[in-house]
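Okay, everyone, thanks for coming.

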Amino acid sequence: MHNDLSDIAGLAVGHAQDARLASGVTAIVFERPAVASLCVLGGAPGGQDTGLLEPEMTVETVDAVLLSGGSAFGLDAAGGAQAALAAAGRGFAVGPVRVPIVPQAILFDLLNGGDKNWGARPPYWDLGRLAAERALAGHDGSLGSVGAGLGATTANLKGGIGAASAETRSGLHVAALMVVNAIGTATMGDSPLFWAAPYERNGEFGGLGWPASLPPEALKLRIKGHAAEPATTIGIVVTDAMLSKSQAKRLAIMAQDGLARAIRPAHAPMDGDTIFAAGTGEKPLGEPMPNLTELGMLAGDCVARAIARGIHEAKALPFPGSLPDWKSRFALERDRFFFLPTGDPLAGKCP
């Protein structure tokens, strides 16, 4: 397994970004329309065509999901992605017309130091089209400061895109891709230790483990700027199982548990925390209750792992005053921390 969305057959990821702007767009494009829903738990969400994903709404499937920087300006990206998909003959058939269904979630990255003086037209329509075209051309498994994660930040470290995947006992697969732009932190206090540590696999975000005791400052409130500054962590979980729309909704709800395990605080008033869930239908779900329960549990684990990987793989923006990235921050201050050997159940002991 590749530990990203490529472990789910029938989809591809494309990224487009502008380094000067310090923002970008990520497109998840399905080879065939996928059943999808979502769960929104942040107090200040932003999105497009998200209402149609509720189980009682008519449209059952989507052609792509878009994740974008730019706050409300970023909503233009869906139009560009729709143009790329329409050119490829994709979309919901209405007589002779095809309308690509592309739900979208946005994050706030307007205060990260990039040049947002774009004039009369924000660049997100073009970025959305480019991201979708790249996904149509093939999968890009890049993590960290790419696409929608280029301008992402947290309260203390540079944010970014992370991914993770898992397999159920019956052979179903689930994977998550998250863009970490949280109002809170993914790490414990001033340490390099991740809240998601219990769910880590194969040292995917440093292998530091869980501390023998929490650092004294770990449970204090630490937020970006002040409580009125928008943030948001957005993403998607996908399974190769055949799901109904209501089952996809439940998968999205359970996946949000992973966000709460990996970020402190989560689901705040100015967060827009949104997770999409989709099923490509490659495999039968089997017995619904136990199998959907296991998929949801693993989806939450994958979300937590993906969030930590997004921080671990990010690179600092090249602007004065920009937040440090995890690797450079803790490479410079490594001597402050003592770690037991990787694999020890008490790995990550902090003075």
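Let's start with what I mean by a pocket: on a 1 Å grid over the protein atoms alone, it's an open set of points where a 1.4 Å probe fits, with protein on both sides within 12 Å along at least five of seven lines, and lining residues have an atom within 4 Å of a point. Points are joined across faces, edges and corners, and a volume is the space filled by probe spheres set on them. This is a predicted model, so local features need pLDDT of at least 70 and side-chain atom pairs count only at pLDDT 80 or more, while totals for chains, interfaces and linings use all residues. Residues are numbered from 1 along each chain as its sequence is written, and side-chain values use heavy atoms, with hydrogens and water left out.

So, the largest pocket: its volume is about 260 Å³. Of the 19 residues lining it, Leu111, Asn112, Thr153, Glu229 and Leu323 are the closest to its centre. The lining splits into seven nonpolar, eight polar and four charged residues. Here Ala, Val, Leu, Ile, Met, Phe, Trp, Tyr, Cys and Pro count as nonpolar, Asp, Glu, Lys and Arg as charged, and the others, Gly among them, as polar.

Now for a loop residue. Asparagine 181 sits between strand S9 (173-179) and strand S10 (234-241); helices (H or I, at least four residues) and strands (E, at least two) are DSSP runs, numbered from the N terminus. Buried or exposed? Asparagine 181 is buried, at 0% relative accessible area. Buried means under 20%, exposed over 50%, partly exposed in between, with a 1.4 Å probe and protein chains only. Leaving aside neighbours within four places in sequence, asparagine 181 has contacts (heavy atoms within 4.5 Å) that include Leu107, Phe108, Thr153 and Lys224.

On to alanine 105, in strand S7 (residues 104-106). Alanine 105 is buried too, at 1% relative accessibility. Not counting residues up to four places away in sequence, alanine 105 touches Gly46, Gly47, Leu66 and Phe276, among others.

Arginine 264 and proline 265 are joined by a cis peptide bond, omega about -10°, and proline 265 is in the loop between helix H3 (245-262) and strand S11 (274-283). That H3–S11 loop also holds histidine 267, a non-glycine with a positive phi of about 60°. Histidine 267 is partly exposed, at 25% relative accessibility.
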